[in-house]
Amino acid sequence: VPTRLDGVRVVVDCANGAAATVAAAAYGGAGADVTLINTDLSGEHINDGCGATHLESLATAVVAAKADLGIAHDGDADRCLAVTGDGTPVDGDLILAILGLAMKRDDNLPADLVVVTVMSNLALHRLFADHGVMTETTPVGDRHVAERMRAMGAALGGVQSGHSVLAH
């Protein structure tokens with residue numbers, strides 16, 4: 001992680017899956033103060049009312065812990081959504097906006113292009129356009145996003161459901 005997370009309090013919803021084995025090391029290794037929830041690795045409760053598909057328990061835990069944010073993965077940890085410190089959901093489009101604008105600012109967004117799907121919010125397209133970033137739209141699915149990114153040399157793409165694809 002290029003920016004340290006020292007002093008950041010984060011609650012991570014592991015969706016009773018893969019993130020439970022690595023989240024503390026990953027986020028803690030970057031300096032965050034990490035609290036894990038939904039860490040049952042029995043295989044019987046993966047994504048069961050938790051994780052990226054159910055942000056309610058994460059929002060409650062973040063507010064109760066007075067954390068700065070919450071991160072929700074799905075069972076196989078290939079999706080990531082978030083909540084703010086007051087429990088407000090942060091969907092994949094907003095995560096893409098944050099990443100895309102930061103990458104443009106740092107001159108790490110080749111051709112000023114982000115690949116999104118037909119499910120992306122019109123506000124995301126407008127925000128990017130207002131900042132000189134073009135969007136390329138694909139059918140739904142991170143596979144389609146990744147294929148178009150490769151074809152166009154894009155460094156960032158993603159899906160509203162929380163799949164963010166970074167080429168480097």
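The structure is a predicted model, in which local features need pLDDT of at least 70, side-chain atom pairs count only at pLDDT 80 or more, and totals for chains, interfaces and linings use all residues. Residues are numbered from 1 along each chain as its sequence is written, and side-chain values use heavy atoms, with hydrogens and water left out.

An open, mixed sheet is built from four strands in the order β7-β6-β8-β9. Strands here are DSSP runs (E, at least two residues), as are helices (H or I, at least four residues), numbered from the N terminus; two strands pair if DSSP finds at least two bridges between them. At the edges lie β7 (134–138) and β9 (164–166), each pairing on one side only. From one strand to the next, the twist averages 20°. Five bridges join β6 (residues 113–117) to β7 in the parallel sense, and valine 114 faces threonine 135 of β7.

Across β6, β8 (156–158) and β9 lies helix α3 (residues 92–105), running at about 175° to β8. Such angles run from 0 to 180 degrees between N-to-C directions, with axes fitted to C-alpha atoms, for helices over the stretch in contact (heavy atoms within 4.5 Å).

Turning to the loops, alanine 15 sits between β1 (9–13) and α1 (19–29). Its phi is positive, near 55°, and alanine 15 counts as buried because its relative accessibility is 0%. Asparagine 47, between β2 (33–37) and α2 (56–65), also has a positive phi, near 60°. Asparagine 47 counts as partly exposed because its relative accessibility is 29%. Buried means under 20% relative accessible area and exposed over 50%, with partly exposed in between (1.4 Å probe, protein chains only).

Finally, Val118, Met119 and Val140 form a nonpolar surface patch with about 280 Å² of accessible area together. Patch residues have over 30% relative accessible area and no salt bridge; like charges are joined within 9 Å, nonpolar side chains (Val, Leu, Ile, Met, Phe, Trp, Tyr) within 5 Å. A salt bridge is a side-chain nitrogen of Lys or Arg within 4 Å of a carboxyl oxygen of Asp or Glu, and areas come from the Shrake-Rupley method with a 1.4 Å probe, where for residues only the protein chains shown count as cover.
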